[in-house]
Amino acid sequence: MLNDMYELISATPSPYARKVRIALIEKGIAFTLRTEVPWHADTATPAYNPLEKLPVLVLPDGQGIYESRFILEWLEVHYPDPPLLPRDPVLALQARQIEVICDGICDATVLLFFERRREAPSAPWMARQRRKIDGGLSALERLAGPGFLVDDRFGLADICVGTVLRYLTVRYPDHPWRDTHSGLVAMSGRLETRASFAASVPVPQSIVEAVV
């Protein structure tokens with residue numbers, strides 16, 4: 001279709017980039033992967049995204065498509081098969097709601113990670129981020145079951161939940177969610193055996209330049 005070959009600029013632990021990687025693999029779209037640390041001065045991210053955030057999907061003409069939620073929408077429009085969103089708009093909204101919860105957990109985890117790196121981290125700020133993470137996980141646990149989350153088909157909602165759970169293992173390994181959310185534990189285990197998940201396992205990166 002549109003694809004000569006795309007390039008995905010990614011950071012190895014990023015759940016946002018992993019969502020896009022999984023979607024590309026599930027849709028059978030060929031791409032190359034460029035791994036960067038977006039906090040370092042030598043990152044190419046600003047050349048493609050004025051907001052200097054990853055992931056960025058670089059098109060064959062050099063245009064950058066950025067922000068994971070928009071990239072996923074772009075892919076769904078240009079590569080509708082196999083669909084990652086239900087055709088029914090009400091069910092699609094259910095998947096989008098789960099995406100919002102997962103992105104909120106990821107955002108709070110990122111904020112907590114960098115607050116911990118400060119010389120004098122704020123205890124109230126960190127407690128607030130932990131509440132967001134715990135609240136989001138509890139909401140997801142109530143949705144978790146033996147099958148896929150929406151319309152009994154693998155899709156965006158499953159991608160979002162799977163990536164946020166594995167991200168916690170990378171950036172917040174001391175969080176005890178595995179002791180308290182058995183439904184999410186089972187779901188994570190099932191998803192990580194899927195080929196697209198196995199091909200995109202996140203690993204930590206070292207940030208050597210000052211960020212906070």
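Contact here means heavy atoms within 4.5 Å. Keep that in mind for the first exercise, and remember that this is a predicted model.

**Exercise 1. Work out how α5 and α7 are oriented to each other, and which residues meet.**

Start with the geometry: helix α5 (residues 156–171) packs against helix α7 (residues 182–191) at an angle of about 105°, and the axes lie 10 Å apart. Angles of 65 to 115 degrees count as roughly perpendicular, so α5 is roughly perpendicular to α7.

Next, pick out the residues. On the α5 side you'll find Asp158, Val161, Gly162 and Leu165, and these meet Leu184, Met187, Ser188 and Leu191 of α7.

**Exercise 2. Find out how many disulfides the structure holds, then check Cys102 and Cys106.**

The count is 0 disulfides. A disulfide needs two cysteine sulfur atoms within 2.5 Å. For Cys102, the nearest cysteine sulfur belongs to Cys160 and is 5.2 Å away, so no disulfide there. For Cys106, the nearest is the sulfur of Cys102, at 6.9 Å, and again there's no disulfide.

Now for burial, where the cut-off is under 20% relative accessible area. Cys102 has 1% relative accessibility, so it is buried. Cys106, at 3%, counts as buried too.

Technical notes
Residues numbered from 1 in each chain as written. Predicted model: local features only at pLDDT ≥ 70, side-chain atom pairs only at ≥ 80, totals over all residues. Heavy atoms only, no water. Axes fitted to C-alpha atoms, helices over the stretch in contact; angles between N-to-C directions. Helix = DSSP H or I, 4+ residues; strand = E, 2+ residues; numbered from the N terminus. Parallel < 35°, antiparallel > 145°, perpendicular 65-115°, else oblique. Buried < 20%, exposed > 50% of the residue type's maximum accessible area, 1.4 Å probe, protein only.
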